[in-house]
Amino acid sequence: MTRRYWNINLKEMIEAGVHFGHGIKKWNPKMAPYISAKRKGTHITNLARTTRFLSEACDLVFDAASQGKSFLIVGTKKRAADLVASAAIRARCHYVNKKWFSGMLTNWSITKTRLSQFRDLRAEEKMEKFHHLPKRDVAILKRKLSTLQRYLGGIKYMTRLPDIVIVLDQQKEYIALRECAILGIPTISLADTNCDPDLANISIPANDDTMTSIRLILNKLVFAICEGRDNMNIIPCSIKTLKGLYDISGVEVGQHFYWQIGGFQIHAQVLITSWVVITILLGSVIIAVRNPQTIPTDGQNFFEYVLEFIRDLSKTQIGEEYGPWVPFIGTMFLFIFVSNWSGALLPWKIIQLPHGELAAPTNDINTTVALALLTSAAYFYAGLSKKGLSYFEKYIKPTPILLPINILEDFTKPLSLSFRLFGNILADELVVVVLVSLVPLVVPIPVMFLGLFTSGIQALIFATLAAAYIGESMEGHH
């Protein structure tokens with residue numbers, strides 16, 4: 001484990017009261033090596049030892065965070081509850097700040113069942129399923145959900161045992177320390193003068209009663225965790241590594257590839273690349289949900305988050321009657337999103353064709369116009385399905401003469417989406433082409449990453465505006 005400098009200041013620790021221990025009558029003889037003096041009937045902790053062990057703990061959590069390991073912070077003192085929660089959220093750690101249930105780790109299967117119930121209740125409440133139940137049942141479920149949120153809210157995203165546990169009060173969290181010892185989970189603990197330093201892997205001699213002392217130690221550990229997470233994805237790259245990715249990041253704008261079928265000329269590049277995109281989407285879904293679990297894991301969990309995101313988007317733009325339109329909005333968003341990403345990531349240009357070249361489906365104006373026409377059709381279908389033929393009343397105002405003009409206006413309104421999408425994508429490609437030609441080795445990779453971000457924004461804008469048009473049609477505005 002590499003030793004690093006964590007800016008642990010002696011004056012800062014004295015001001016925080018880290019050195020104050022318990023009375024001389026309430027002490028553990030095992031803490032004798034960590035006590036430097038007695039003053040007015042109180043033991044004084046040796047801050048040199050505190051600095052050493054706090055530095056070792058920071059090194060440990062930094063290395064663990066840089067390897068992507070998970071942490072659990074345990075501190076159930078009422079005064080420290082909010083501090084524990086805010087620190088854990090800042091460092092993206094799990095936490096327990098209300099009550100430690102016996103067997104929370106050693107009986108992990110039972111804890112997983114409780115977490116599953118908690119997640120199911122949260123999902124039902126978010127999807128407003130409680131409204132269909134009797135008031136008495138709703139009150140019972142909400143009370144249960146409140147209890148689970150209170151005691152398990154800090155570990156609701158924990159899917160496996162933590163790699164390291166940080167304990168703020170050794171005596172109050174004795175059960176937690178024993179469970180970690182049984183399971184072999186490394187622990188870091190504050191050790192006041194009445195504690196047993198042998199219970200934890202790293203015991204930091206410090207005052208565990210005052211908020212200032214707890215805050216100082218916890219902030220140092222959280223800072224080390226955040227630094228480790230920031231360094232997790234930094235991989236040394238050389239020019240040779242970038243050169244291997246040059247072909248993938250290069251984008252070209254040129255001729256299209258056509259098929260002649262009968263008397264029609266078909267954009268073959270659009271069909272081929274669209275099949276690739278649809279295969280990627282269907283394959284990902286089939287692989288992710290081929291064996292659905294009660295507690296979502298990995299791919300299933302990801303796709304459920306995507307579905308929830310699309311539902312929220314549809315509900316925000318369309319309103320309470322958004323349900324039937326979720327598949328349409330979701331298909332639009334995912335097709336454009338994956339198409340744009342395939343244009344940025346897949347090395348289409350290395351595929352040799354008799355003439356023309358392959359590119360992302362959304363790189364073709366015909367594809368974006370087709371998506372816009374689908375939105376136009378959905379716009380009128382939404383209005384007709386909601387109001388029937390009375391939907392056309394708004395088009396004959398102020399005079400029936402304007403009927404065809406008003407219909408044409410609303411029909412072509414979504415077409416602006418196609419030009420917006422195609423223009424943004426074409427502009428991105430032209431920027432990449434120019435930069436690659438000027439600096440052909442180092443620039444493409446950052447530009448490619450920028451393209452990935454903007455392509456996601458383009459898909460979101462298209463889907464949001466499509467949903468907004470549908471919502472406008474259902475509300476009857478003109």
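Strand pairing and helix packing in a predicted model

Modeller: Let us begin with strands β1 and β3 (residues 42–45), which run antiparallel and are joined by two bridges. Strands are DSSP runs of E with at least two residues, helices are runs of H or I with at least four, and both are numbered from the N terminus. Two strands count as paired if DSSP finds at least two bridges between them.

Colleague: Which residue stands opposite T42 in β3?

Modeller: G23 stands opposite T42. T42 is also the bridge partner of R39.

Colleague: How many bridges pair β2 and β3?

Modeller: Four bridges, again in the antiparallel sense. β2 and β3 form a hairpin with two residues between them, and K40 in that turn has a positive phi of about 50°.

Colleague: In what order do the strands lie in the sheet?

Modeller: The order is β1-β3-β2, in an open sheet of three strands with antiparallel pairing. The edge strands are β1 (20–23) and β2 (35–39), each of which pairs on one side only. From one strand to the next, the twist averages 30°.

Colleague: Turning to the helices, at what angle do α4 and α5 pack?

Modeller: Helix α4 (residues 108–126) and helix α5 (residues 135–152) pack at about 125°, and their axes are 10 Å apart. That makes α4 oblique to α5. Angles under 35 degrees count as roughly parallel, over 145 as roughly antiparallel, 65 to 115 as roughly perpendicular, and the rest as oblique. Axes are lines fitted to C-alpha atoms, for helices over the stretch in contact, and angles run from 0 to 180 degrees between N-to-C directions.

Colleague: Which residues meet there?

Modeller: From α4, they include R114, L115, F118 and L121; from α5, they include L141, K144, L145 and L148. Contact means heavy atoms within 4.5 Å.

Colleague: What is the confidence of the chain?

Modeller: The mean pLDDT, the predictor's confidence in each residue from 0 to 100, is 77, and 74% of the residues reach 70 or more. Over residues 234–255 the pLDDT is below 50, although this stretch has 33 contacts in the model beyond near neighbours in sequence. Where pLDDT is low, the predicted coordinates should not be read in detail.

Colleague: Which conventions apply?

Modeller: This is a predicted model, in which local features need pLDDT of at least 70 and side-chain atom pairs count only at pLDDT 80 or more, while totals for chains, interfaces and linings use all residues. Residues are numbered from 1 along each chain as its sequence is written, and side-chain values use heavy atoms, with hydrogens and water left out.
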